[in-house]
Amino acid sequence: MSFALQALTGLAGASSLFLVACGLSVIFGVTRVVNFAHGSLFMLGAYLGWSLLRLLPHTPWGFGLGVAGAAIGVAAIGAVLEMAVLRRLYAAPELLQLLATFALVLIIQDCVQAIWGPAELSLPRPPFLRASITILGGRFPRYDLWLIMAGPLVLGLLHLLFARTRFGMVVRAATENRALVAAFGIDQRRLFTLVFSLGAGLAGLGGALSLPDGSANIGLDLRSITDAFVVVVVGGMGSIAGAYLAAVLIGVLQSLGLVWLPQGSLVLVFVIMAAVLVIRPQGLLGRAGSETGQPDRPTPMRAASAGGRIAFAVLVCALALAGSLAGPFWLAVLTEAVIAVLFAASLHVMLGPGGMISFGHAAWFGIGAYAAGLAATSLAAPLPISLLAAPVAAGLIALLIGQVVVRLSGVALAMLTLAFAQIAWAVAVQWTQLTGGDDGILGIWPGLTPRGYFLLCLAVCAIGTALLRQTLFAPFGLALRAARDAPLRAAASGLPIARLRLAAFVLSGTAAGLSGGLSAFAKGSVFPASLAIDRSVDALSMVLLGGVQSVSGPVIGALAYTGLFDTLLLASSHWRLWLGCALLALVLIRPQGLAGRGAGRAA
Amino acid sequence: MTLLRADDLSVAFGAHQALSEVSLSVAAGEMVAQIGPNGAGKSTLFNLLGGQLAAQSGRITLRGVTLAKADPAAFCRSGIGRIFQITRCFASMTVLACVQTAMLAHHRQIWRFLRPAERAFRPEALDVLARCGLGDQAGRDAASLAYPDQKRLELAVALASNPAVLLLDEPASGLAAPERLAMMRLVAELARQGIAVLFSEHDMQSVFGFADRIIVLHQGRVIATGTPSDIRTNPQVQDVYLGGNQPNE
């Protein structure tokens, strides 16, 4: 296919990207909430569109009506979600906002599945959409031409809305300075609901318009949210024109990349993102400082007392005892739980003392798991070498990726880690020669009895977790916390902030890699799921469940979460729904975590 | 002996020329005050001298050595300590740990991962805290200190790097009169021990009572320098402060 046609296809893709991203950007600009559920709204748009379009006449008018109906329906759902959940979160730290909106992702996923079923729903293209036209000697679908126009059209309409109407003026004012708008006596609650609903409607529109080229399916939510994050971060958070520019840049390069380096198209996205962010951390058209949302307020953190150490030792002994008595099922659960403790503790280093929100921590876990799995199967390396390969591989890649990541902060950093994890996931799925793709790597056995392997995991994880905690109160840990608590002050005292953050990032990735390696041998296999987004959220939930600012948090959180998870999974086929509700309840009721300080009580 | 020298520093933010060709010098043991109306460029000058901001032209030297690249950590290592107008202590630490952290950075010992930092430079840190009048607060959470004590802690953290020059952006702002006097006395004591001090302050009693020399900034330019008595009688300074001609403020 010719270069020009490929570029046109890219422009059509850019319109789809823009439609997903612009609503996210509008919502973030005003409310400073990163709406993780935005992809779910997009998915809802696709499903609603499917239901409506099936009933409506297959004419251009019917199509337009159906798409509009889907957008309005999703806008209404958005308004309800805002009033029920998001409204309570505007003052919360960005991490909790991300987690709460992820809870919505889980809930919506289960609801959609309950209503429309698990099967992929595609729409037979109505005749007027099937046509293609001849451009530049190649055939080009007419619908894609429509799509190419839809992006600038929506951009123009949004521009008119924001530039010419009173509502738009208020929204722009609120984007600049929220406090000021409140001072002018504008009803902020209503404004936020309207803005959220508008953003949701745009997502719904995008979802419905994506139907003729694809289908409504359960995976749409996470796929589209990753795209949207990349576009919004590259374009500049809160900037709509920036989102379009970024969508065009990514859409076209991605489409051309498919021709030039089909294997590397996903990596290409990450490279574009990294390149833009290194040069302009605030994104193409973003303003400096716009990438940060609500900061987390650091709270005092103290070294474990003698009592804490004893409690930890008692816990380890109790787990060892439980492992010696447990049957095969509970032994597997216990093994998973102790691995989860190390995984959560590794994330905690980044999240708590490092002050960096990682939404893609599964990447390091998965890289470790694949490294150990490949070493054990392809290289037939003995257990200790394979286990060593896990942290080494994860650490080295973290060192590379960290160069870009630690330049960012706040939400932009969270999105970059997420994008990297998604790309690592895609590589695991696509690079079948190395990873086996969806079939994974099988037959990774430790050569120990399950009980023996559990004890090994317990020992490694207990020592690893204890060492991680030790670093937090060593000179390195103090310096890292200083860099998080007051970066300006820390730099003025001679602390190299970027290197400290990089070191924390690498340390965190290395430990997560080790836990991934352990998990590969525990399960006997590695699948792409080990670096999927759910795994990242597992880690976040564990740390938050325990409490970010408490040193015992990750341990308690990981054990509680694994317990909760296994109970839910056993009890219900709607575990996503229940897990989502549990997360929402956690965020809304006990944001400081189980082990976090209430009112002045020591952690 | 001149420690810190700035020659012809200029910086603009977009179209706004924040500082134009500002030169100054501070000698060991000297207390130099910079004064000027709000927006005159005082904090910008501190940010240049502390390495937080890069000048578009001009030169900063410490003991005759040029500090070429604006890098706060490097400025700190070469001996420039500073405090900020808005206090920024390390909120997750105790008062003592704040100072210990700065000392660990100064002695290049932050890349130690295992031994607890609890006892690192403890006597030295306690000594600095005692000098700043915080001897009895060492074990408290830094975030829980009263405002005047936070100002003292900020100074103690700056002192922990054993600076030759101290840049104090309104060290006594927001303090009641007796506390302000105590803070200025503390600073004067540090100068007596040989530290070169450049400070800004809105309270004119503190400025004229403690400064050896005063630099007056107005709209990003130095309009006068001299001893307190020179400045007091300078007609241009009186214009800026007393009204004759106040274009901006």
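A:Leu258 is partly exposed, with a relative accessible area of 47%. Buried means under 20%, exposed means over 50%, and partly exposed lies in between, with a 1.4 Å probe and protein chains only. This is a predicted model: local features need pLDDT of at least 70, side-chain atom pairs count only at pLDDT 80 or more, and totals for chains, interfaces and linings use all residues. Residues are numbered from 1 along each chain as its sequence is written, chains are lettered from A and ligands numbered from 1 in the order written, and side-chain values use heavy atoms, without hydrogens or water.

A:Leu258 sits in helix 11 of chain A. Helices are DSSP runs of H or I with at least four residues, strands are runs of E with at least two, and both are numbered from the N terminus.

Next, its partners. Strand 3 (residues 31-35) of chain B runs parallel to strand 9, joined by 4 bridges. Two strands pair if DSSP finds at least two bridges between them. B:Ile35 has B:Val216 as its bridge partner in strand 9. Strand 10 (residues 221-226) of chain B pairs with strand 9 in the antiparallel sense, over 5 bridges. There, B:Val216 has B:Ala224 as its bridge partner.

Last, the hairpin of strands 9 and 10 of chain B. It has 2 residues between the strands, and B:Gln219 takes a positive phi near 50 degrees.
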